[in-house]
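Biologist: I would like to go through some of the labels used for this model. Please set each value against its cut-off.

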Amino acid sequence: MSDNSPDLLFELLNDFFTQLLSAGESESMDNLIELDLTFSQVRMLFALGQHGEPLPINEVAERLRLSVAAAGRNVDQLVKLGLVVRREDERDRRVKRVSLSEAGHKVTNQHIECKRDQLRRFAWRVPESERTRLIEALQPILAGESLRELNQEIFG
């Protein structure tokens, strides 16, 4: 493996993120575990949170690679828990749109904020010289197209 191969970069990034994000994983998962949510339900909460506006259930199903029936069952449970709101589409009453409720936003935001706190603690622990090099390496990547193309590929 050459010093700058994509495989080496993958291995280093994988190791870095595994160590960084697993450090506080139990802390960030506590709220989700207390709610006794399934993995599909958690994925649905975060998909709805990322999109921001109400989505038709069939589109949620497609994004999460679930059947419409499975997505509907997950929505039913999340509505019962008060984490998701389901409304009829204004133009087509046969279509049901779903979005996060205030409680759903709170749950997802708490999880994300816990991850942000982990990153913040890490940033403060990195020695200044390494921090400078990391900043210089990340700035052009964040300004470039690679991440935008990947997000476009994933989120459409």
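Biologist: Why does Asp-36 count as exposed?

Modeller: Exposed means over 50% relative accessible area, buried under 20% and partly exposed in between, with a 1.4 Å probe and protein chains only. Asp-36 has 67% relative accessibility, so Asp-36 counts as exposed. Asp-36 lies in the loop between helix 2 and helix 3 (39-51) and has a positive phi of about 60 degrees, although it is not a glycine.

Biologist: What is the basis of the model?

Modeller: The model is predicted, with local features needing pLDDT of at least 70 and side-chain atom pairs pLDDT 80 or more, while totals for chains, interfaces and linings use all residues. Residues are numbered from 1 along each chain as its sequence is written, and side-chain values use heavy atoms, without hydrogens and water. The mean pLDDT (the predictor's confidence in each residue, from 0 to 100) is 89 for the chain.

Biologist: What makes helix 1 roughly perpendicular to helix 6?

Modeller: The axes of helix 1 (residues 6-22) and helix 6 (residues 102-125) cross at roughly 110 degrees and come within 9 Å. Angles of 65 to 115 degrees count as roughly perpendicular, under 35 as roughly parallel, over 145 as roughly antiparallel and the rest as oblique, so helix 1 is roughly perpendicular to helix 6.

How values were computed
Axes fitted to C-alpha atoms, helices over the stretch in contact; angles between N-to-C directions. Helix = DSSP H or I, 4+ residues; strand = E, 2+ residues; numbered from the N terminus.
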